[in-house]
Amino acid sequence: MMSSPTAITVIETSMPPDITGSSNLLIPDAETIDALIRQVAREEILSRYQSLQDHEVSGKQSGEIVTEADIQSERRLARDLTALLPGSTVIGEEAYEADPKIISRFEDAAPVWVLDPLDGTRNFSEGRPCFCVIVALVAQQVTQAGWIYDPLKNIMYSARRGEGVQRDSEPLQAQPSKDITDMVGSVGKIRREKIDARNGATGTGRPADLVRYRCIGMEYVDMVLGTLDFAEYGNLKPWDHTAGLLLLREAGGYAAHVASKQQYVPGPIERSRLIATRTVQNWPDIERLLSD
């Protein structure tokens, strides 16, 4: 079992233009959090990969599935992260399934750890190599830090607000913009069919490829890396998007609600079209491409 180190650092950063909240928060040492996430993933997720038993997989009321890897990794992350930051609370995907009222913790003064202990659960359960662990730290509905860990490649992507994004300890640079015809985007099946009907499967003005990972965390990672150029989402769950949107913003990307043109604020699940792009410059073009 991992011990609960007490190393703490303070970050002070300026506010993004349309987000308000605390600009000064005690955040546990980055190396400690990194090691904790890696250990939990190794012991609770990788140990079960491609060897899940039938009794370790069950259905949710939403129609999604949950595995013993989800449950046990969230339990351990919640316990150890709150020990690192006394007074903090947790909003985890599986805890929310059991008690949706915990979403109100975003409104409290205490900092909140937002957890998706195993993003891409269906991929994981089918033995497909596209899943990750997502952790974010939010204070007064402002995302202060985020981590997305790829257990199979043993790579951690992380960001602290105002400090850029890193792959393990390597700073990542913003990627240049592309022409739409060279882009790869993540959209749902209905959107893909609409684009094909309007532009043709290989028509002028159509992106080079349209995909869906079934793992939102790894889509954000690939937007940071420049191998995915944009994504459209309509069912916004905080554990799916909070960390990834911070990483994207720190890497020079941009995301906003289509209707309001406002940035995402961590909070209750909402049905709202959100478009994320790898560069700020490309957002208006992608919004037009995905308009109805």
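Begin by selecting helix α7, residues 238–250. Its 13 residues, at 1.5 Å a residue, should span 18 Å, and the end C-alpha atoms are 18 Å apart, which agrees; the expected span is 1.5 Å times one less than the number of residues. Helices (H or I, at least four residues) and strands (E, at least two) are DSSP runs, numbered from the N terminus.

The model is predicted: local features need pLDDT of at least 70, side-chain atom pairs count only at pLDDT 80 or more, and totals for chains, interfaces and linings use all residues. Residues are numbered from 1 along each chain as its sequence is written, and side-chain values use heavy atoms, with hydrogens and water left out.

Keep α7 selected. Of its 13 residues, 12 are buried, so the helix is largely enclosed by the rest of the structure. Here buried means under 20% relative accessible area, exposed means over 50%, and partly exposed lies in between (1.4 Å probe, protein chains only). The buried residues include Trp 239, Asp 240, His 241 and Glu 250. Just after α7, select Gly 252, which takes a positive phi of about 95°.

Next, select helix α6, residues 216–225. This helix is mostly covered, with nine of its 10 residues buried; among them are Ile 216, Glu 219, Tyr 220 and Asp 222. Gly 226 follows α6 and has a positive phi, near 95°.

Which residues are the closest to the centre of the largest pocket? Select Glu 64, Arg 214, Ile 216, Lys 237 and Asp 240, which hold that position among the 25 lining residues. A pocket is found on a 1 Å grid over the protein atoms alone: whereas a cavity is a set of points where a 1.4 Å probe fits but cannot get out, a pocket is an open set with protein on both sides within 12 Å along at least five of seven lines, and lining residues have an atom within 4 Å of a point. The space in the largest pocket is about 710 Å³, a volume being the space filled by probe spheres set on grid points that are joined across faces, edges and corners. The elements that give two or more residues to this lining are β6, α4, α6, β14 (230–236) and α7.

For the second largest pocket, with about 260 Å³ of space, select Ala 30, Ser 158, Arg 160, Gln 166 and Asp 168, the closest to its centre of 14 lining residues. Strand β9 gives the most to this lining, with four residues.

Finally, turn to the aromatic rings, of which the structure holds seven pairs. Rings of Phe, Tyr and Trp (its six-membered ring) pair if their centres lie within 6.5 Å; planes under 30 degrees apart count as stacked, over 60 as edge-to-face and the rest as tilted. Select Tyr 49 and Phe 131, a tilted pair at 5.1 Å centre to centre with 55° between the planes. The two residues are 82 residues apart in the chain, and both are buried.
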